[in-house]
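This report describes one protein model, from the overall fold to single residues. The sequence and structure come first.

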Amino acid sequence: MALASTFYLNTLHTHNNDTLSLRTTRYPGFASNSSLIGSKLLPRSSAVKSRIRPISASHEAFDVVVIGAGIIGLSIARQLLIESDLSVAVVDKAVPCSGATGAGQGYLWMVHKTPGSEKWDLNMRSYKLWNMLAESLQKQGLNPLEELGWKKTGSILVGRTHSETDMLKKRTKHLIEAGLKAEYLCSSDLFNKEPALLVDEDSGAAFLPDDCQLDAHRTVAYIEKANKNFTSKGRYAEFYNEPVKCLIRGGSNGEVEGVETTKKRLYSKKAIIVATGSWTGSVMHDLVRNWGMQLNIPIRPRKGHLLVLENFNSLPVNHGLMEAGYVDHQTAPSPPMVSGLERYDHGRTLSVSMTATVDAVGNILLGSSREFVGFSTDLDESIVNHIWKRAGDFFPTLKTLSLSDLSASRNVRVGLRPYMPDGKPVIGPVPGLSNLYLAAGHEGEGLALALGTAELVTDMVLGRPTKVDDGPFSVHRFC
Ligand SMILES: Cc1cc2nc3c(=O)[nH]c(=O)nc-3n(C[C@H](O)[C@H](O)[C@H](O)COP(=O)(O)OP(=O)(O)OC[C@H]3O[C@@H](n4cnc5c(N)ncnc54)[C@H](O)[C@@H]3O)c2cc1C
């Protein structure tokens with residue numbers, strides 16, 4: 001009941017450059033018979049109806065404010081709501097799924113993850129938590145396919161050269177040693193599993209039969225619905241189409257006390273969590289720029305296109321498929337920017353690797369591209385053609401079809417993966433501002449890592465030991 005232990009009286013507010021300096025008098029304890037709403041003192045009975053207590057029409061107070069309603073921010077809100085009795089607000093400059101999350105293909109696969117890497121424990125924990133969520137839905141009599149778009153298709157990482165199949169044999173061995181069910185498929189086994197694939201004697205694959213996928217839109221809708229169940233208890237609120245402009249810092253210890261959006265101020269007693277995906281570098285720069293802090297979070301937007309073919313029956317795909325080259329494409333370094341601006345030499349940054357999945361309603365999803373071209377999410381037809389051509393290299397049937405003939409059933413999703421140069425997300429408190437946390441930079445695995453990240457952040461906020469080592473994700477590496 002943290003909200004019940006502090007309330008605020010605003011006496012004066014002035015703007016100091018971009019940073020709001022709000023004189024807030026804190027009233028610790030909730031022992032009196034009244035609570036402050038607006039400038040009126042109301043009887044306690046009114047106050048206990050809701051634990052989210054507006055201080056005035058344009059000020060509200062919560063225990064935790066989460067900035068960003070992508071899969072990361074919403075999952076963190078969910079975890080805090082179910083693991084504690086804290087009140088949580090989620091604020092977004094747009095709406096859920098408007099960022100990278102809405103473009104996500106939805107695979108939660110382990111087949112392309114590397115045992116022993118710094119992210120491995122978080123990968124494994126998150127994988128387990130997603131499976132536990134699907135199982136718990138089933139136990140409640142709900143259908144995980146309906147709720148999350150959940151499908152246990154298994155995943156296949158396809159190699160077509162000697163060096164790729166050698167790598168896949170080793171990978172399979174390591175995945176088995178790490179405790180996963182995995183199998184190396186020789187070319188004939190691969191062909192039997194996926195007859196639509198072009199398979200020759202040099203082909204082979206790593207196969208994880210237990211790998212699963214979800215639908216990002218259905219999953220976000222499920223999490224949102226679950227979070228909103230806490231609204232009536234006064235513990236949850238959403239503020240959409242409200243960009244956060246700056247942080248409110250005050251008190252004798254200079255802690256961050258809240259955020260200012262374009263419409264209001266949201267105070268937070270316990271924690272503020274920045275989960276703004278690709279925008280985190282610029283958001284943090286703007287939020288702390290007047291405080292003399294050295295904090296350069298090097299997250300860059302890595303644009304991705306995904307081609308969706310609705311009611312497409314010409315391509316039978318039985319499992320989740322990914323080409324072996326995806327692993328190198330994902331970890332490729334970003335080239336230097338042109339004159340420090342968010343501009344890159346387009347030709348030097350584009351990579352396209354084949355991924356193929358069938359979603360909950362039978363659409364074929366063909367992925368995907370990676371390029372550093374700033375924050376634009378404009379659809380680029382040339383990239384869609386690249387994806388189609390790359391898919392055709394693996395599925396000969398597609399070479400007999402023209403993409404332009406499929407325009408009626410075709411959809412393209414575009415999103416900005418939050419890319420980190422060292423390949424690891426940044427998760428944890430900001431040094432010197434202990435109640436300000438970052439949770440961003442998940443590049444192409446934010447859906448897969450969402451529940452593990454949410455658990456990690458929740459344990460940090462609640463002061464509990466974390467289930468996985470948070471060291472590799474520390475904000476310290478940028479200070
Ligand atoms: C084509 C494609 C395919 C992908 N496929 C997969 C996949 O199969 N599996 C997988 O695990 N991952 C996949 N990913 C990656 C995954 O989508 C991302 O890692 C994940 O969505 C990142 O989530 P996020 O919440 O950090 O960011 P986002 O979803 O981008 O959310 C960030 C939010 O912050 C908000 N915001 C920004 N600035 C402000 C501000 N000033 N004030 C308030 N709000 C703000 C934005 O509006 C946005 O809603 C894919 C990505 C792409 C592009």
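What percentage of the 479 residues of the protein count as buried?

## Overall composition

The share of residues that count as buried is 48%. The model is a predicted one. Its secondary structure comprises 13 helices and 21 strands. Among contacts with a separation of 6 or more, 71% are between residues 24 or more positions apart.

β7 pairs with strand β6 (residues 59-67) in the parallel sense, over four bridges.

I223 belongs to helix α7 (residues 216-228). I223 is buried because 25 other C-beta atoms lie within 10 Å, and the cut-off for a buried residue is 20 or more. Apart from neighbours within four places in sequence, the contacts of I223 are L74, S75 and R78. For I223 and R78 the separation is 145 residues in sequence, while the C-alpha to C-alpha distance is 6.8 Å.

T261 is part of strand β13 (residues 255-261). T261 counts as buried because it has 21 C-beta neighbours inside 10 Å. Setting aside residues up to four places away in sequence, T261 touches V91, F239, E242, P243, V244, K245 and L266. One of these, P243, is 18 residues from T261 in sequence and 5.4 Å from it in space, C-alpha to C-alpha.

## Asparagines with positive phi

Most residues other than glycine have a negative phi. N241 has a positive phi of about 55 degrees, although it is not a glycine. N241 is in the loop between β11 and β12 (244-250). N241 is partly exposed because it has 13 other C-beta atoms within 10 Å, and a residue needs 12 or fewer to be exposed.

N311 is also not a glycine, and its phi is positive at about 45 degrees. The loop that holds N311 lies between β15 (300-309) and β16 (320-323). With 10 C-beta neighbours inside 10 Å, N311 counts as exposed.

## Surroundings of the ligand

Which residues come nearest to the ligand? Of the 43 residues around the ligand, they are G70, G99, G277, G304 and G446. By type, the shell divides into 19 nonpolar, 19 polar and five charged residues.

Several elements each supply at least two residues of this shell: α2, β15, β18 (364-370), β19 (410-419) and α13 (446-461).

How values were computed
Residues numbered from 1 in each chain as written. Predicted model: local features only at pLDDT ≥ 70, side-chain atom pairs only at ≥ 80, totals over all residues. Pairing = 2+ DSSP bridges. Near = placed C-beta within 6 Å. Nonpolar A, V, L, I, M, F, W, Y, C, P; charged D, E, K, R; others polar. Contact = placed C-beta atoms within 7 Å.
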